[in-house]
Amino acid sequence: MDPELINDCVHCGFCLPTCPTYVLWGEEMDSPRGRIHLMRQHVEGTPLTPEMAGHFDACLGCMACVTACPSGVRYDRLIEQTRAEVERTHVRRPDDRALRAVVFQLFPYPRRLRAMRLPLRLSAGLRRRIAPRLERINPSMAAMAELAPAVPARVRLPRRVEARGRRRATVGMLTGCVQGEFFPQVNAATARVLALEGCEVVIPPSQGCCGALSLHSGLQGQAERFARRTIAAFERAGVDTVVVNAAGCGSTMKEYAEILEGEWADRARAIRTVDLTEYLAELGPAAERHPLPLTVAYHDACHLAHAQGIRSQPRQLLTAIPDLELREISESSICCGSAGTYNLFQPEAARELGDRKAERVLATGADLLVSANPGCTMQITSAIRRRGAGALPVAHIAQVLDASLRGLPGVP
Amino acid sequence: MGTKTPDGLVRRLLESLDHRAVITDPVRLRTYECDGLTHHRATPGVVVLPETAEQIAAVVRVCNEYGVPFVARGAGTGLSGGALPRTDGVLIVTSRMRRILSVDVADRRAVVEPGVTNLAITEAVRDLGYYYAPDPSSQQVCTIGGNVAENSGGAHCLKYGFTVNHVLALEIVTPDGDIVELSNTDPGYDLLGAFVGSEGTLGIATKITVRLTRAPETVTTLLAAFDGIEQGGQAVSAIIGGGIVPAAIEMMDALAIEAAEAAVACAYPEGAGAVLIVELDGPVPEVTHQFDEVTRICRENGAFELRVAADPAERAAIWKGRKSAFAAVGRISPAYIVQDGVVPRTALPEVLASIDRLSREYGIRVANVFHAGDGNLHPLVLFDDAEAGAGERAELVSGKILDLCVEHGGSITGEHGVGVDKSRYMPKMFSDNDLDTMQLVRCAFDPRGLSNPGKVFPTPRLCGEVPGVRKGVHPLVESGQAEQF
């Protein structure tokens, strides 16, 4: 933990109301200002106690505090450094350790995730029935069973998708782990939208995890390994721009130059990472938008709105669709509780935040929720299901654009 | 647990509070060691997070039982150390009491718990066409309970008045643990007026009835750039002297602009030695007329660029630079002191020139941000805490600025309160007899001196923490004008 970064905090407290855990519990040590104070205590010699580690673990890493901070404190860097320190020095309880091992050996590996598809497919209904019983044994396992979506058929993406009409650009595309395995239809829609807008899309089959889950959980080594591999994959594909449709992955890839050193940092800088909505807004529309008579609510993913500062572009793309009405969700800057692996490791807090978000989403009266991140999609879907208020369909913004560009009657 | 609190105290607290609402772990306790003023620190003995007035009353009664002092804290954003904990005491944090209990637009009032943020009240009634007028720059964070304790102001207090003008009734827990209601319609002494601004020394507000103000028909925000603060100051004098009462007139000097620019990229006019933000609100014809007057006065006093906010987004952009100025200074200086003083508006140019002299004499940079309309200065005294002696020099400059305020017939605080930071300056403004009289009021509420002791007053007197410090009978008692309790 860099003392210089810690000293940037002037203790003004502007971060407090933006912090999801402060909103839930109203405690100083579960606010960004309080956590920075704990970091300071540790740097000044206080050993990392289990209580202290608990408050760091309880941070969602949503970065809403970074947006709110007038002093420019790099809380994002600080919490990453702190999590790495926690992993190095803090001895976790055996059940916590086992769960973490499963998650970090499973999620960042698309092939292993794929192996999970079969059991998940057989038991979508069963899973939800056993979730309450699992809850008593281990809340994290219950959360996992409850969150995983029904798995659609696999979609095999070609290595290269030609641009429709005049070619305006050539871009690489990240397929991601959870996005690729649980939401392949989102990747297919992303590729189609880019092609319809005149982009040649290059999809290297050798790409793996971008390293986001590991980086956000303090597994520095694993994160660096994944980062280097991702850079190499896109270098081989010969692209200098990579379009990403998962907010968490995009924000991590934009940080590559900061987390890697030397030659690799330079190589990271040579590749430009852009979020799909950021890229489309910058490119400007070429294809015709067909009407979609829908009322949609747009959910700000933290790693898009706070980490990448992308708020206006998705709204701009949605409102440009004829007949589509966009509604705002109140308290939109507060995290839904998904936050990467948070809903697996901190299921109680995640559930409270999910319920809070579901309530506000439903209050908009929209008939479709648009999300730009697979984690948020799973989290909000399961929170809405829990309320038993009838399902609200959730789609990625790429699917909405795809439907409009292709003139489909609705979002599939 | 805090080693300085008596045995059994925590057990007694747990009788009325959940174990998650009583903090005794030393690492956790330390996160409460200071509020927004970080150079005064004290780790509290125990922290409690009550959710009801009854729980606060129970905690206060336990404190009385053990003779232990207690301090109330909201969001911990205060800038005078008013919520500085006691190592031998209990810190009562209201951050979990954040319900808006009722909104009554017909009667133009809302009833809220003390932990509700200032801005949350406005957000709750905005769609109904109302707002809560006092607007401290920390309004999205600071709590209404803290606003009541400090009688907080804000940019718009020039026209609309301070917290005291917007609180209609209070439910308080008295320093001996009773729950009492005070209202501005009570006959007799204005106890509500005495309580607002008492900085936690007369008890803890547990329910606040605030006045809701009708949103004005129109708002016009204007940004004027000047070569220096002198011209800006003259423009302010001319505007107020011309009989115009804007909703707000704020001024920032070059250094403050630089900080705000670095923090929020507010894009104020380049090369400005000072900017003036003037906001006019009210009925359309009145605002139109005032706007013409203000622009004319600004130009006559040398404004080289005038910008008018065309929509709410541009208005917010103009204010963003001003409202984030305090914390933004963190971008251009490793450490700083936010000072708060008042001078008569007419003395502004002279005082600012003297501050500039002090700054050069001690080699300490001072950025100026102020509510120009009512002469409330917020000099930001910048220093590098890694440099030996810099902190002391900054403290010295900061203190001398207050001397200037008092010399010019002003005050040592406009809106941040006295707290622990300025209690030593109180004798510069008040005689011993004045201070003793204040103590009589305090003793009427808090005879045992348990409610936020060590704040506001320089040394304990009369009934306070150390009985018998004063020798002889108080002059007011002697002359038969007061009775000692």
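**Exercise 1.** Which residue takes a positive phi in the hairpin of S18(B) and S19(B)? Describe the setting of strand S19 of chain B in this predicted model.

*Solution.* 
Step 1. The hairpin of S18(B) and S19(B) has four residues between the strands, and B:Gly375 takes a positive phi near 70° there.

Step 2. Strand S18 (residues 366–371) of chain B runs antiparallel to S19(B), to which six bridges join it. Within this pairing, B:Val366 is opposite B:Val381 of S19(B).

Step 3. Consider the other partners. Strand S16 (residues 335–338) of chain B pairs with S19(B) in the antiparallel sense over four bridges, with B:Val338 opposite B:Leu380. Strand S17 (residues 341–342) of chain B also pairs with S19(B) in the antiparallel sense, over two bridges, and B:Gly341 stands opposite B:Leu377.

Step 4. Examine burial. In strand S19 (residues 376–383) of chain B, eight of its eight residues are buried. Side chains in a regular strand alternate between the two faces of the sheet. In S19(B), B:Asn376, B:His378, B:Leu380 and B:Leu382 point one way, while B:Leu377, B:Pro379, B:Val381 and B:Phe383 point the other way, and all are buried.

**Exercise 2.** Determine the strand order of the open five-stranded sheet of chain B, and identify the strands that stand at its edges.

*Solution.* 
Step 1. The order is S5-S6-S10-S8-S9 (chain B), with antiparallel pairing.

Step 2. Strand S5 (100–104) and strand S9 (179–183) of chain B each have a single partner strand, so one side of each is left without a neighbour in the sheet. From one strand to the next, the twist averages 15°.

Step 3. Take one pair in detail. Strand S6 (residues 109–112) and strand S10 (residues 204–211) of chain B run antiparallel and are joined by four bridges. B:Val112 has B:Ile208 in S10(B) as its bridge partner.

Step 4. Locate the helix on the sheet. Helix H3 (residues 53–66) of chain B packs on the sheet and touches strand S8 (167–173), S9 and S10 of chain B. The direction of H3(B) makes about 50° with that of S8(B).

**Exercise 3.** Identify the residues that touch the most other members of the largest nonpolar core, and list the contacts of B:Val48.

*Solution.* 
Step 1. The largest nonpolar core has 257 residues, of which B:Val48, B:Ile92, B:Ala224, B:Val275, B:Leu276 and B:Leu380 touch the most other members. H3(B) provides the largest share of this core, seven residues.

Step 2. Leaving aside residues up to four places away in sequence, B:Val48 touches B:Leu13, B:Leu17, B:Ala21, B:Val22, B:Val59, B:Val90, B:Ile92 and B:Val93.

**Exercise 4.** Characterise the contact between the two domains of chain A, and then the side of chain A that touches chain B.

*Solution.* 
Step 1. Chain A is assigned domain 1 (3–89) and domain 2 (289–406). Their C-alpha centres lie 27 Å apart.

Step 2. In chain A, 15 residues of domain 1 are in contact with 14 residues of domain 2. Helix H2 (20–25) and helix H5 (64–68) of chain A each supply at least two residues of the domain 1 side, and the largest share, four residues, comes from H2(A). By class, this side has nine nonpolar, four polar and two charged residues.

Step 3. Between the chains, 24 residues of chain A are in contact with 27 residues of chain B. On the side of chain A, helix H3 (32–43) and helix H4 (50–57) each supply at least two residues, with the largest share, four residues, from H3(A). That side has nine nonpolar, 11 polar and four charged residues.

Definitions and conventions
Residues are numbered from 1 along each chain as its sequence is written. Chains are lettered from A and ligands numbered from 1 in the order in which they are written. This is a predicted model: local features need pLDDT of at least 70, side-chain atom pairs count only at pLDDT 80 or more; totals for chains, interfaces and linings use all residues. Two strands pair if DSSP finds at least two bridges between them. Axes are lines fitted to C-alpha atoms, for helices over the stretch in contact, and angles run from 0 to 180 degrees between N-to-C directions. Two residues are in contact if their C-beta atoms, placed from the backbone, lie within 7 Å. Ala, Val, Leu, Ile, Met, Phe, Trp, Tyr, Cys and Pro count as nonpolar, Asp, Glu, Lys and Arg as charged, and the others, Gly among them, as polar. A nonpolar core is a set of buried Ala, Val, Leu, Ile, Met, Phe, Trp, Tyr and Cys residues joined through C-beta atoms within 7 Å. A residue is buried if 20 or more other C-beta atoms lie within 10 Å of its own, exposed if 12 or fewer, and partly exposed in between; C-beta atoms are placed from the backbone. Domain bounds come from an automatic or database domain assignment.
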